[in-house]
Amino acid sequence: MANYSTNEFKSGLKIMLDGDPYAIVENEFVKPGKGQAFNRVRVRNLKTGKVIDRTFKSGDSVEAADVLDTELQYLYSDGEFWHFMDPQTFEQTAAGESALGDSAKWLKEQDICTVTLWNGEPLSVEPPNFVELKVVETDPGLRGDTSSGGNKPATLETGAVVRVPLFIEIGEVLKIDTRSGEYVSRVKD
Amino acid sequence: MVSHGGDSDQWRPAVSLERLKARAALLDRVRWFFRERGLLEVETPVLSAAAVTDPNLDSLVADYRGPGAPPEGRLYMQTSPEFPMKRLLAAGSGPIWQVCHVFRGGERGPRHNPEFTMLEWYRPGWDHHQLMDEVSELVAFVCGERPVRRRTYAELFRPFALDPHGASAEECAAAARRLGFQPPDGLDRDGVLDLILSHAVTPELGRGVVEFVHEFPASQAALARICPGSPPVAERFECFLEGMEIANGFHELGDAEEQAARFRHDLEVRASRGLRQPPVDQRLLQALASGLPSCAGVAVGLDRLFMVALGAGHIDEVLPFPLERA
């Protein structure tokens, strides 16, 4: 397994600590003029999301985490696991609820997601930045009201609820930014 | 061909011309300060066949293959001008000062650039307390008046119920853990004290004041005299402004035999850590043996002093070409 020296530390670097994979969030070099040099880092546990602080002696090495971002197609959920497939190799991977987190509500079958694997196991799933989802429930549309700026909740086919303009109707397909959870536009057929 | 710096705007300085003019004006004030006081400005070599032995300092190396080359053509770049300046003092120079570039391997961060500007001066006949007064006068002259505060190293650790002179390594480590800082493996006792100081204390030092810390543990004497007593303490001080170490000063060790013993001890520590064994500066030892006048000396990180004067939060805000643009 590869190692990283503290000299290579930068935000985003994936390292192993106490048996868990972590991503470096912040790295600060601290050194008294006549004393020991340290790297003071803030790291995020890639399994739990918890952020902790750690101090290393500058020059020490730490094991690299075998963490890999892959682009996988979402197939279906059986209620317990979410199943993905590599579109090139057709190899399938199942991710549990902890890896999905908030992402589950944006997943539509056949969409390509970024699945982060650690030692081959899914750690986290990022939906596409933009998804197109059908409205299954919302108050009746106010036809023609495209300018008042008001909004209302709408439930989408995946179960996600987003704020949409008043003119949106059931059955329409909407483009949603999954990073903010915000409505972007209607999708014209 | 190996190229350097692909980004097309990296040739430009990292700071504005106004900032460089402000820096030049501050450097003028430093020169004025020493000219008024009658110290002799000197220049000493950046390169030497001998190097500092301090295990916490990493000298950069330059290749020189021309006439007069040392063994293996290896010249060490100074981490401070201390050794040649002491040779000048031993030769009867009287009070001297200089501004020069110094080099330290592995040091890069918001307050570190591996090449930086050092101001160093020596006062024959003075002790470190007198020199602390002069450092605060310089700070006032460059950064404006502020109150001065002095505390001993031991006083800094009192809030943590830790005696840094008497506590065992394990007691020091326990104190660090109580503060939420797990000492990394392989850290010695002084390393744990450095951990506590740099993580829990330094960020609060010198806020709105010129803050001096003095009477360091004897194990951290570096090139300072040790005042015998219970506990023995090093006649060493550091100066802090706005959470940053600005200066380090000593009532200088003049005993050649003790100096040689400290060099040997440094080399043993370096060997145990797998660090390079640089050649010891025999000319410094000869100068001490011939007689260094009793004196105090101090080194000031000039870039950091200018950071405080200009309200900068990062060393790159006072350097035209920090490492990545150099």
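A: A:R179 is exposed, with a relative accessible area of 55%, where exposed means over 50%, buried under 20% and partly exposed in between (1.4 Å probe, protein chains only). The side chain of A:R179 meets that of A:D177 in a salt bridge at 3.2 Å, N to O; the term denotes a side-chain nitrogen of Lys or Arg within 4 Å of a carboxyl oxygen of Asp or Glu. A:D177, by contrast, counts as buried, since its relative accessibility is 13%.

This is a predicted model, in which local features need pLDDT of at least 70 and side-chain atom pairs count only at pLDDT 80 or more, whereas totals for chains, interfaces and linings use all residues. Residues are numbered from 1 along each chain as its sequence is written, chains are lettered from A and ligands numbered from 1 in the order in which they are written, and side-chain values use heavy atoms, with hydrogens and water left out.

Strand β15 of chain A comprises residues 173-177 and runs antiparallel to strand β16, residues 182-186, with four bridges joining them. Strands (E, at least two residues) and helices (H or I, at least four) are DSSP runs numbered from the N terminus, and two strands pair if DSSP finds at least two bridges between them. A:I176 has A:Y183 of β16(A) as its bridge partner. Four residues lie between the strands of this hairpin, in which A:G181 takes a positive phi near 75°.

Chain A as a whole has one helix and 16 strands. An automatic or database assignment supplies the domain bounds, and chain A is divided into domain 1 (3-63), domain 2 (68-126) and domain 3 (130-186). The C-alpha centres of domains 1 and 3 of chain A are 43 Å apart. The C-alpha trace of chain A spans about 75 × 40 × 25 Å along its principal axes. Its radius of gyration is 22 Å, whereas a compact globule of 189 residues would have one near 16 Å; the radius is taken over C-alpha atoms, and the globule rule is 2.2 Å times the number of residues to the power 0.38. Of the 189 residues in chain A, 42% are buried.

Chain B provides a contrasting setting. A compact globule of 326 residues would have a radius of gyration near 20 Å, and chain B agrees with this, at 20 Å. The C-alpha trace of chain B spans about 55 × 45 × 45 Å along its principal axes, and 51% of its 326 residues count as buried. The secondary structure of chain B comes to nine helices and 12 strands.

The structure holds 28 salt bridges over all chains. One of them joins the side chains of B:D316 and B:R108 at 3.0 Å, N to O. This pair links distant parts of the chain, 208 residues apart: B:D316 is in the segment after α9 (302-310) of chain B, and B:R108 is in the loop between β5 (96-103) and β6 (115-124). A further salt bridge, at 2.8 Å, N to O, is formed by the side chains of B:E242 and B:R146. Because B:E242 lies in the loop between β10 (233-241) and β11 (244-251) of chain B and B:R146 in the loop between α3 (128-143) and β7 (148-152), the pair ties together parts that are 96 residues apart in sequence. B:E242 counts as partly exposed, at 26% relative accessibility. B:R37, B:R123, B:E134 and B:E137 are linked in a network of salt bridges.
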